[in-house]
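Some notes on the strand pairing and helix packing follow. Please read them alongside the model.

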Amino acid sequence: MRALPELFDLRVKARSLAYLFTAGAGLGLVTLAFPHDEAVKDLQLVVLAGIAIGIAGVVYIEADRIREWQLHVALALGTLILTFANYYVGVNSLYPLLYTWTALYAFYFFPLAVALGQVAFIALSYAVLLVIQDPASPIVRWLLAVGTPVVAGLLISRLLEYMGLETGTAEQRERALRQSEARTRLVLDSAPDAFITTDRDGIITTWNVAAERMFGWRAVEAIGKPMRGIIIPPEFRDRHDERRRALIAQEGAVATQIFDMVLQRRDGSRFDGEATVSRVVIGDDVILSGFLRDLSERQRREEERDELLRAQAARAEAERVAEMMSGMGALVDAALARPRLDEMVADLVAGVQKVLGADATTIFLADEKEKWLRIGASSQGTRPEDVDPIPFGEGIAGRAARSREPLFAQRPDPADLRDPGLHELDIDSLLAVPFLAKGAVIGVLEVCALPPRRFTADDLGMLRLAGERVALAIAHARVYEREHEVAATLQRSLLPERLPDLPGLLVAAQYRPAAAESGVGGDWYDVIPIPGGGAGLVMGDVAGKGLPAASMVGRLRSALRAYALEGHDPAMVVQQLNRLVWTEAGESEMVTLLYVVVDPTEGVARWVNAGHPPPLLVGGNGRPKFLEGGTSVPLGVMPFPSYEEMSAALAPGSTLVLYTDGLVEVPGAHIDEGLSRLADQLPGAPEEPEALCNYLLRRLVPARGAPDDVALLTLRNVPLGDEFSFEFPNEPEALASMRALLRRWLRNGGGGEQEVAEITTACGEAATNAIEHAGPGDAKRFEVSGRMKGREVEICVRDFGAWRTPREGDQGRGLSLMRALMDTVDVTPTSAGTTVRLQRTLREAGGNGGPG
Amino acid sequence: MKEGLVGLEIEERGEVVVARLTGELDIAGASRTGERITEAVPTSAGGLVVDLMELDFIDSSGIAMLFALVRQLGSRRQKLSVAAPAGGPVWRVLEIVEFERAAPVHRDVEAAVAQISPY
């Protein structure tokens, strides 16, 4: 009885309920078709039948979704409907018999407690009915109406219980068993392992699909044959029989053993197999069942799986490398944007650390010539100056640099770690990779892992890739730095280290690199002493920056000096430079140039302007004036442009200002605005050239630098008074300058042409002696000073060498010339040098007040 | 051609070589200019005229160069004469060192050339 209700699923219960209700309602309607008592209320009965059929329909349709308790309620409703039907039919009807149906249903489909509950509900509702109808013999009727279904239900359910176990569900069980066998068969056939059963004599009774596949025998061929003859190689058959007998003889209901055995296929080929054999005793009978597995197949599958895993690992590795490469690429690109090597190396350390997932990273930079390393950058914050140079071969990094091979170290000795920032760390593993550029070691990359992270020798490949990228970046940076250094050096060499001393002239110059770019600009200036006391002033600007511009400046500078010293006119000098730029420079090369030749003796400045901003002339009165005339095209624009020489008076006390456009460029404003801004500075500006340069730069150039390079050159024609004193280098070329200065001074003092020439000649002789006296180790200069008192002229030429007694002949001729040309000549030799004092009284009516 | 501040031009008038000096002749250019003039005078030439008409300045180095030229040409039996503007600074120096005792000094180039090659 306990088991029965569970045999049915809800669907069956629900449908049965629907049939029950339909049948009951149908029966009730049929009884109405026959002649019956007048007291029966037909209409109400038809409605009740309809309600019952309606419930039946709902339950049937919802059979798949219905719940157990809903069926209980439905059945109770049936009881209620039946009770109402009894009421409407009247006291004499036989309808109460229908209670038996619901009671039977309850006993059949519901658990016993529920069934008894349903019966109690029947009893209650019928009792109520009888009380209302007040029949003649209520107790008897109630007992019959309720007792019948209870007894019938109990009897029937006992009967069912017995049939359920023994025969009642035999058909179902048969069907279930067949299904189970089919399922088992299906499961066995789809199993990857062969499944074979034999009887106690070893005759095959089961042979699944996998067994067919494994051995090549079909089931119909194998079943009924002895197993030993089919799949056991001949030499193992006796052993097989022994095992079988031993297994059968084992105690217990079930015994299982696992054997490794050699098995044979239909074609005679053999393989290693594993058999899991169970012995099952069924009554007196014994069945042996076994799962047989092809180990070679398994080995092959394992190999395949290993292969697959290896392929997956390789793919994962490739993806990791690809990701790292792109990461390295990105970080190298980023690092390359850094112009300075130290900044770039610091970037690389951070990037490598991230990409490789290292815990500490150091980049050492190598000096291949000196064979040592220094720290470039470290994730531990170690600075290059913290560590002495590390010779190749010392420490892990040094060994990697010397061997040029990557090194892998497990638990490295702290003494081998040359980055002191690593000493505090609990390093598990360390990789060091030297990086090479053009066959030379340029550095070592060292990465460390702390537990649980661990590098292995496999990571070397990865690091080598990283090293190549880093090498590329560093080599690039070094080239850049070298170019930068070369260009900077070149530029320094292109600007005069010190300006020449020009008698009667004062010059000063300043160069301010642009704020933004650290590259070398193409601005340059030069001051060339012109034989005869003049000076060539050069201010130029080569378009572009960097090494090409600097080298162009270098060529122009030396060419210009050569042309100028050959004594060419300024226009000719500039024309020749134009030829040089036009023929030798690239198409885009353009050079602006201003060349001014100052002749202090004549008090004249002559200039040629090739596309350059005009020079500024500041007169003795401090009033500024741009020398606008004679501007022609820049150099390199045309093959034969005409360059016109212009000239202006450069009176004593006046100043020339030459500059590049960086000084007058006002961002967003017209050049004229910048020019007037420059001119506006001059009233009140200092006269002395050095101070004037600083003054102008301070007021026109922002402290952080101008947008462009600025070159500034100032020259002042110093007025000569009654006294002067100049030093000249001990060079024959200085003589002309000295004579020019003297002529200017003497004319200024009112000397006539003849007198000026004679005094100049005498002084020249004294100066020639001074130059010739200077031996090795002596001072490289001689001094000329003059004093004019009224018409009395006194000139002293002083050298710092040893006096040599004039010999007769060529050398002695100088002294006799001096004596012939001057009123008095005193030669005072001392151990410190010789002073020649020359005196003469001016007598001619000279051009006093002429050009200074 | 310039050496320092001095310029030199060579001209041949028949068998006479004329060396014209311009600018200022001092120790910076004297010896090199002397060598150049010597090279310009072939042994076949009758003589040399040193034209100082356009020279603005001469000092003892220049005078020494002239004396050296006189000695060299004399050893080759060639004559030398000098032309300089009378009364100018150069003339004055030549006077002081009594250059006329070594070679004739004329007031113009034609006279100097005629002195050597009278035809």
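1. Thr830(A) stands opposite Gly833(A) in S27(A). Strands S26(A) and S27(A) form a hairpin, with 2 residues between them. The two run antiparallel and are joined by 7 bridges, S26 covering residues 824-830 of chain A. Two strands count as paired if DSSP finds at least two bridges between them; helices (H or I, at least four residues) and strands (E, at least two) are DSSP runs, numbered from the N terminus.

2. This is a predicted model, in which local features need pLDDT of at least 70 and side-chain atom pairs count only at pLDDT 80 or more, while totals for chains, interfaces and linings use all residues. Residues are numbered from 1 along each chain as its sequence is written, and chains are lettered from A and ligands numbered from 1 in the order in which they are written.

3. S27 (residues 833-841) of chain A also pairs with S25 (residues 792-799) of chain A, in the antiparallel sense over 8 bridges. Within this pairing, Glu794(A) has Gln839(A) as its bridge partner in S27(A).

4. Elsewhere in chain A, an open sheet of 6 strands has the order S8-S7-S6-S11-S10-S9, with antiparallel pairing. S8 (390-391) and S9 (407-410) of chain A each have a single partner strand, so one side of each lacks a neighbour in the sheet. S6 (residues 360-367) and S7 (residues 372-378) of chain A are joined by 6 bridges, and Leu365(A) has Arg374(A) as its bridge partner in S7(A).

5. Helix H14 (residues 341-356) of chain A packs on this sheet, touching S6, S7 and S11 (440-449), and its direction makes about 140 degrees with that of S6(A). Contact requires C-beta atoms, placed from the backbone, to lie within 7 Å; axes are lines fitted to C-alpha atoms, for helices over the stretch in contact, and angles run from 0 to 180 degrees between N-to-C directions.

Key
Two residues are in contact if their C-beta atoms, placed from the backbone, lie within 7 Å.
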